[in-house]
Amino acid sequence: MSRTRRVLAGALLTGLAVLTGASAAVADDASPSPSASGDASGPTEAGTTFRTATALQQGETATAGASTGDYLYWVFPADAGQRATVTAKVTLPESAARHGAQTWQVDVYDGLRRRQACMYGKQTGTAAADAATVELTCVLRTVRANAEPWANDPLPGSYYVRLTVVDLAQADLGLPVRTEVEVNSKDQGGSADVDGSLSKPLVPGVSSAEQASDDANGTDASAEPVALAGEPEDGWSSGWWTSRLLWTAGGGLLAALAGVFGYTVTRGRGRPHHVPPGA
Amino acid sequence: MIIRRRLTVGVGILLATLTAGLGSALPASADETPTQASPKVELVLDVSGSMRTRDIDGQSRMSAAKQAFNEVLDAVPEQVQLGIRTLGADYPGDDRKVGCKDTKQLYPVGPLDRTEAKTAVATLAPTGWTPIGPALLGAADDLEGGDSTRRIVLISDGEDTCGPLDPCEVARDIAARGIHLVIDTLGLVPNAKIRQQLTCIAEATGGTYTAVQHTDELSGRVKQLVDRAAEPVVTPVATKGADSCTDAPELKPGLYTDREKFAEHRWYKVAVKPGQELRASVSVFADRAVNNDYGMLLRAVTTHGREIVRGSESGTGRTDAISSGLRYPKPEQDEDEQTPETVCLQVSNAFSAPASVKTAPGMPLELTVDVVDAPDEAADVAAFGLGHGWWLLGLLTLTGLIVGLLFGWISRWRIAVWRTR
């Protein structure tokens with residue numbers, strides 16, 4: 001009785017320790033986040049080129065006011081196995097001020113500034129002169145953990161979203177618009193897992209940042225401060241877990257069970273038919 | 001018993017220290033905002049005679065601009081050094097030569113004294129000509145010095161009246177001087193000519209153009225542009241690529257900027273050790289009116305001319321830039337000495353333009369270079385060579401069943417043989 005009590009006390013102690021450690025980690029994570037005030041509110045300004053692109057997290061809605069003709073850039077992180085969907089909504093200026101149809105386009109580039117194809121979705125949308133909004137969607141290919149250097153496959157890292165007008169009446173240039181961009185993704189699971197993994201995600205400036213932090217630990221801060229595009233909320237996946245382990249292990253288990261079953265069926269009790277029991 | 005009790009308590013303490021240590025180590029997002037020189041913004045305001053026109057919210061353009069400036073001066077962030085320059089504010093006469101030099105600095109670029117600046121703006125009255133080109137040159141001189149980000153915000157309501165100096169060419173030359181200058185333009189109640197000129201100026205420097213019809217649009221937009229200047233961003237390092245790999249500059253990981261004309265190649269060098277991966281990406285910016293179809297090519301080449309990998313892109317239609325990139329993972333070598341390989345990067349573009357468009361200075365080019373560790377090699381297409389899916393389960397189960405049946409028969413036959421012996 002006393003033994004079980006001691007064991008229970010020990011288990012309770014360790015449970016409390018684990019909980020306090022976990023809550024300390026959660027509290028540290030929760031405090032430094034002044035921008036994410038609402039449940040899904042994102043940045044309110046957009047960048048104008050790759051190096052000034054505004055960082056965006058998946059699930060956040062970014063808004064920005066701009067003039068027709070501006071190029072708006074955001075950057076979001078995507079990890080291996082995710083299939084990202086970028087949706088953009090543009091609220092056009094009043095139709096009384098417009099002189100014709102406008103065609104808006106959303107493009108996605110990966111961390112190496114290579115243009116990524118949109119599998120599905122209306123990437124280019126035309127709004128008639130009296131339309132109030134235009135909505136665009138781009139569904140990207142599933143991100144792979146590794147790819148050959150000669151392939152254009154999407155790799156884990158930053159992805160840039162560019163929203164701009166590609167065709168319009170010249171008199172409509174410069175009119176104010178409001179834009180809204182959101183990125184969501186689905187995890188494709190084990191069927192998209194590939195072998196190998198990158199040592200660092202495809203984030204431009206990742207090696208300069210490391211160098212800068214190494215230098216900062218040493219003497220002076222680097223003269224070229226590099227802003228990284230941000231990482232996913234849970235950090236980049238380490239890449240060793242895949243559901244294929246479960247599938248293969250499950251297959252092996254079933255094979256073993258089927259083998260035992262087959263053996264018992266044909267072996268029976270090991271007695272041939274024509275020998276009577278007791279012989 | 002005592003040993004077990006000590007054991008549980010000991011394990012509990014160990015786990016507690018481990019989780020506490022993990023808890024403090026986990027949130028590691030390095031949120032270092034880089035400290036850099038304070039950004040400089042110069043507002044260039046058109047005070048020419050045409051600003052008397054009353055077509056913005058029922059008041060004159062000049063009073064709308066003054067009202068907007070008051071709001072902007074109240075909202076300038078602390079770290080921004082602001083200056084104000086006017087054009088056409090002094091000379092009301094008809095002598096074009098004198099009128100086209102009429103640009104002066106109203107408030108010097110520096111830490112902002114809001115009352116002083118507002119008083120200076122209040123004294124303005126619409127007067128003379130519209131020398132946009134000379135005003136931009138003056139503004140660029142005002143912003144000289146240091147290596148902070150620079151922005152000129154030009155607010156104008158009429159096209160430049162001081163040809164043949166084309167303000168668009170002036171803007172491009174200023175931007176090419178290598179002082180990281182962006183010019184944003186705002187047109188007050190613009191017509192086609194002024195829109196064309198202001199759009200050209202903005203595109204030549206990577207800025208934006210806004211058409212303003214209302215006072216609140218003007219103040220809101222200028223505030224947004226000033227805030228944009230205050231955002232901390234990475235500043236690229238100016239470099240100059242060569243015509244061939246042997247003369248090329250050796251680049252360390254970082255962000256670089258250069259200029260490239262049509263049909264010109266730029267070469268750079270990067271040292272890559274075995275077991276490292278080179279990542280390079282290039283954007284070529286279309287800062288002038290180019291033809292509808294364009295392309296660019298980035299090649300990684302050995303010093304002997306063998307192409308390793310390339311990234312290329314082509315496009316059509318309205319764009320600000322065309323970009324591509326490449327990755328080159330260099331495999332590990334077994335030797336003890338890790339001699340770095342010199343990889344040559346060649347950047348070429350396929351832009352073209354009508355004959356009326358000047359080819360010099362070249363188009364801006366932005367190059368990112370990163371060198372990281374090489375990736376883990378892939379031994380198989382699928383993760384660790386493992387399988388996935390119901391077909392796999394079915395096949396494994398079927399194989400197991402068949403093998404089991406087979407062994408069962410063999411075992412039964414062997415026993416039968418044993419028994420009958």
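Which residue forms a salt bridge with B:Arg279, and how far apart are the closest N and O atoms? Select B:Glu277: the closest N and O atoms of the pair are 2.7 Å apart. A salt bridge here is a side-chain nitrogen of Lys or Arg within 4 Å of a carboxyl oxygen of Asp or Glu. Both B:Arg279 and B:Glu277 are buried (buried is under 20% relative accessible area, exposed over 50%, partly exposed in between, with a 1.4 Å probe and protein chains only).

Before you click on, some ground rules. This is a predicted model, where local features need pLDDT of at least 70 and side-chain atom pairs count only at pLDDT 80 or more, while totals for chains, interfaces and linings use all residues. Residues are numbered from 1 along each chain as written, chains are lettered from A and ligands numbered from 1 in the order written, and side-chain values use heavy atoms, without hydrogens and water.

**Stay in chain B**

Next, pick B:Glu42 and B:Arg85, whose side chains meet in a salt bridge at 3.6 Å, N to O. B:Glu42 sits in strand β1 (residues 40-46) and B:Arg85 in strand β2 (residues 81-87) of chain B, so the pair ties together parts 43 residues apart in sequence. Strands are DSSP E runs of at least two residues and helices H or I runs of at least four, numbered from the N terminus.

**Cross to chain A**

Now show both chains: 92 residues of chain B are in contact with 94 of chain A (heavy atoms within 4.5 Å). Four salt bridges are counted between them. Centre on B:Glu366, which is buried at 5% relative accessible area. The side chain of B:Glu366 meets A:Arg113 at 2.9 Å, N to O, and A:Arg51 at 3.4 Å. A:Arg51 lies in the loop between α1 (2-30) and β1 (54-55) of chain A and B:Glu366 in strand β15 (residues 363-373) of chain B, so this pair joins two chains.

**Finish in the core**

The largest nonpolar core has 56 residues, and A:Trp104 and B:Leu136 are among those with the most contacts inside it. Such a core is a set of buried Ala, Val, Leu, Ile, Met, Phe, Trp, Tyr and Cys residues joined through side-chain atoms within 4.5 Å. Select A:Trp104: leaving out residues up to four places away in sequence, its contacts include A:Val90, A:Leu136 and A:Leu163.
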